[in-house]
Amino acid sequence: MATDFALRYAAHCVRQGGVIAYPTETVYGLGCDPLCARAVNRINSLKGRDAGKGLILLASSLTQLDTLINVPDHNDRADIVGEQVPTSWIVPATRNAPEWITGRHSTIAIRVTSHPLVMRLCNQLGHALVSTSANPAGRKPALNALQLHRYFDGLVDSMLTSNHNCSGRPSRIRDLKSRRLLRK
């Protein structure tokens with residue numbers, strides 16, 4: 001389990017425009033401050049990822065996303081936070097949402113995390129994190145610290161590891177407007 005010092009150091013790296021690696025409910029992820037274009041571009045470069053795809057944001061609560069998402073309806077908000085399995089939601093983005101996060105879309109992908117380490121990290125930061133799977137394009141996402149180190153040792157500013165196992169299953173993706181399940 002990541003120590004308090006490791007968590008504080010990871011938060012410091014994010015605040016300084018750095019890129020970190022961390023476990024989520026599903027796979028290890030690469031993350032940064034969503035408002036730092038330089039850090040987001042670095043993640044896309046590390047992964048060999050098309051910047052036009054857009055990125056998901058993880059948060060410990062919906063309020064950490066309020067400046068970037070347009071979800072005023074209380075029932076919609078309750079549905080987002082009420083999911084029992086990891087579910088990423090495609091929701092309308094506000095004008096404040098930078099295009100390096102939304103990509104070619106007018107929407108943004110979000111997930112309220114239940115992973116204890118990510119929750120602590122988001123709470124320490126006071127905001128959401130970019131989250132994309134920790135793998136170079138075309139490779140399988142890292143499911144453990146060994147795979148993470150093989151892919152990104154020396155390439156990111158901080159690596160958090162956890163005793164909680166990543167499930168290895170991608171999150172479900174649901175569209176808020178249509179309620180359609182886009183990925184099971």
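Colleague: What is the radius of gyration of the protein, and which value does the globule rule give for 184 residues?

Modeller: This is a predicted model, in which the protein has six helices and nine strands. For 184 residues the globule rule gives 16 Å, and the radius of gyration is close to that value, so the protein is as compact as a globular protein of that length. The C-alpha trace spans about 40 × 30 × 30 Å along the principal axes. The rule's value is thus 16 Å, and the radius of gyration is 15 Å.

Colleague: Which residues have the most contacts inside the largest nonpolar core?

Modeller: Buried residues make up 48% of the 184 residues, and the largest nonpolar core has 35 residues. At least two residues of this core come from each of β2 (28-31), α2 (37-47), β3 (56-59), β4 (87-92), β5 (107-112) and α6 (145-152). The residues with the most contacts inside the core are Val 91, Ile 108 and Ile 110.

Colleague: How many residues are in the second, separate core?

Modeller: In soluble globular proteins, nonpolar side chains tend to be buried together. Here a second core stands separate, and among its members are Cys 13, Val 14, Cys 122 and Leu 160. The number of residues in this second core is 19.

Note on methods: Residues numbered from 1 in each chain as written. Predicted model: local features only at pLDDT ≥ 70, side-chain atom pairs only at ≥ 80, totals over all residues. Heavy atoms only, no water. Helix = DSSP H or I, 4+ residues; strand = E, 2+ residues; numbered from the N terminus. Rg over C-alpha atoms; globule rule 2.2 N^0.38 Å. Buried < 20%, exposed > 50% of the residue type's maximum accessible area, 1.4 Å probe, protein only. Core = buried A, V, L, I, M, F, W, Y, C linked by side-chain atoms within 4.5 Å.
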